[in-house]
Amino acid sequence: MLIRERMESTSFSSSERTIVEFILEQKEKIRDMTTKEIAAATFTSPSTLIRIAHKMNYQGWAELKEAFLKEEDYLSSHFCDIDANIPFSQEDSCYTIASKLLTLKKEALDDTFKLIDHVALHYAIRMLDQADFISVFGVSNNGLIIQEFKHNMRRIGKMVEIVNLQGELVYTAGSLPPNSCAVIVSYSGETPVYHNILDVLKENQIPVLGITSIGDNTVSKGSDIVLRLCTREKLYSKIGTFCTDASIEYLLDVLYAGVFALHYEKNYRNKTESSARIEKGRFSNVQLMKEENGPE
C-alpha cells in the first residue's frame, strides 16, 4: 500500500485529518515547509504532525515527510506518453506498435534504475555471493522470467533453483539447507502464499531478498533486503506485463552481473570454458560472431 493510500485509510483525529488532507493536497509543496508552517497553515500544532507519523509507524515527522516526498517524486515523474497498461491501439500499424513498445521498455528500465537503493543492491549481491544455495520463488510468468537468471548463475558455479509450483512453495521454503538464501519475485507482493513462506524462512533464519513494487506489501515488509520494480501497471486490466517483465529481467541481470564482478577473472574463465565445452560445434558465417579459436 502506498503512503498516500495509508494516509487516506488510517484513522485520525479531526485535527490530524486536517493536516493529512493538507499534505495530500499540497504534495511536493510541503518539501520546504517546517512543522510550524504546516501547523499554522492548518490551524493545528506541530506536535500533531508527530502523532500522525507515529500512527503511520514512522519514528518522527522528518522520516514520514522524506518517505512521502520520495514516493510522490516517483509517482509524478515523467514516464512517457504511453499508457503502460494499454500501450497501443487497434489502429496502430505493426511498426508503430514496435516503436511504442521500444519506448515503453526503455522508460521501464530507466524507471527501475532510479528506484535502485545502492545500499540494498550492495547487500543483495553480497548475500547471493555468500550463499551456497539460492532458491528463487516466482509464480505464474515470473517463474519463466527467472530461468535466464538461473542459467547465468549456474554458469559461474552458483546453485540456483526456481520454485514456481504453488503446492511446493511452502515445502521448499521449509527444506532449504543451511547457508541458503531466498529471492521472492512478486509484482503485487500480496500473493497469499508468500505470507506463509516468509514466516517459514524467518523461522529457519534464511535471509530473503524481495523484488517487488513500491509501497508496503507482504513481501517488502517480510524481506531482509528489498529491490523495487517499475510500478506502472495495474494487476489485471492491461494488454501485457511489458513494463514489469522488463523491470524484473533488468534487476536479475544486475544481480547476476554484480555477483560476477566480485570474482571477475575466475568467473569469466569458468563461464567461457564451460560454454565452450557445452556449445562445442556452434559456428557462424558472420565474422562479428566468430570465436578466435573456433571453426572457420
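This is a predicted model: local features need pLDDT of at least 70, side-chain atom pairs count only at pLDDT 80 or more; totals for chains, interfaces and linings use all residues.
1. Ground rules: residues count from 1 along each chain as its sequence is written, and side-chain values use heavy atoms, with hydrogens and water left out. Since you'll ask about confidence, local features need pLDDT of at least 70 and side-chain atom pairs count only at pLDDT 80 or more, while totals for chains, interfaces and linings use all residues.

2. The sheet is open, with five strands in the order S2-S1-S3-S4-S5 and parallel pairing. Strands (E, at least two residues) and helices (H or I, at least four) are DSSP runs numbered from the N terminus, and two strands pair if DSSP finds at least two bridges between them. S2 (159-163) and S5 (225-228) are the edge strands.

3. Inside the sheet, S3 (180-186) and S4 (208-212) run parallel and are joined by five bridges; Ala182 has Val208 as its bridge partner in S4. Helix H10 (193-203) packs on the sheet, touching S1 (133-137), S3 and S4, where contact means heavy atoms within 4.5 Å. The direction of H10 makes about 165° with that of S3 (axes are lines fitted to C-alpha atoms, for helices over the stretch in contact; angles run from 0 to 180 degrees between N-to-C directions).

4. On to the largest pocket: 29 residues line it, and Ala67, Lys70, Ile214, Gly215 and Arg228 lie nearest its centre. A pocket here is an open set of points on a 1 Å grid over the protein atoms alone, where a 1.4 Å probe fits, with protein on both sides within 12 Å along at least five of seven lines; lining residues have an atom within 4 Å of a point. H5 gives the largest share of that lining, seven residues.
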